[in-house]
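Q: Please take a close look at the nonpolar core and the aromatic rings around it. What holds this part together, residue by residue?

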Amino acid sequence: MEQRDTIEKQIEQLSSFLKSLLSKALGCSNIENTEEISNAIQTTFNFDFIAVSEFDDNQMVAFINENSLTESHLEHLAELAYILGKNHQDSDSKLAITYFTISNKFSKKADAISGNFSLERNQKQNKINNLIHKQLD
């Protein structure tokens, strides 16, 4: 139980850090919640996580190529989607599943771009799959 509490605390800290970072990057005084984060990303970068969740494989490849996304970019997007999913886990399980699915899509594309197996990414993908199944139960 202590390990779970520690992990949840780290997720909250990372979420706070990302909110702060996005606030500075977007010129906002403060971003309070995940809805604002998602809206700020969509407005500033013309990027919508929910729209990306509906991409098929060809659309995802085109999106990656059009935006010159690298393995690192995809890993960061996967992490941000994961955090957004965790933040919606208790309040909106359907939206949490959508964000977790997006996180897995970005992570798998990062694997494809790198051409190398990443144990860390694989473990994260398994963790996300478990969270998705937990939300479905």
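A: **The core and its rings**

The protein has 7 helices and 0 strands in its secondary structure. Helices (H or I, at least four residues) and strands (E, at least two) are DSSP runs, numbered from the N terminus. The order from the N terminus is α-α-α-α-α-α-α. This is a predicted model: local features need pLDDT of at least 70, side-chain atom pairs count only at pLDDT 80 or more, and totals for chains, interfaces and linings use all residues. Residues are numbered from 1 along each chain as its sequence is written, and side-chain values use heavy atoms, with hydrogens and water left out.

Start with the largest nonpolar core. A nonpolar core is a set of buried Ala, Val, Leu, Ile, Met, Phe, Trp, Tyr and Cys residues joined through side-chain atoms within 4.5 Å. Buried means under 20% relative accessible area, exposed over 50%, partly exposed in between (1.4 Å probe, protein chains only). The largest core holds 18 residues, and Phe47, Phe49, Phe63 and Phe106 touch the most other members. At least two residues of this core come from each of α3 (49-53), α4 (57-66), α5 (71-88) and α6 (93-114). The top contributor is α5, with 6 residues. Another core, of 8 residues, lies apart from it; Ala96, Ile97, Ile128 and Ile132 are among its members. In soluble globular proteins, nonpolar side chains tend to be buried together. Across the 137 residues of the protein, 39% are buried.

Now the rings. The whole structure contains 3 aromatic pairs. Rings of Phe, Tyr and Trp (its six-membered ring) pair if their centres lie within 6.5 Å; planes under 30 degrees apart count as stacked, over 60 as edge-to-face and the rest as tilted. One of the pairs is Phe49 with Tyr99, edge-to-face, 5.9 Å centre to centre with 75° between the planes. Phe49 belongs to helix α3 and Tyr99 to helix α6, so this pair ties together parts that are 50 residues apart in sequence. Phe49 is buried at 1% relative accessibility. Tyr99 is buried too, at 4%.

Phe55 and Phe63 also pair: their ring centres are 5.7 Å apart and their planes lie at 65°, so this pair is edge-to-face. Phe63 is buried, with a relative accessible area of 13%, whereas Phe55 is partly exposed at 22%.
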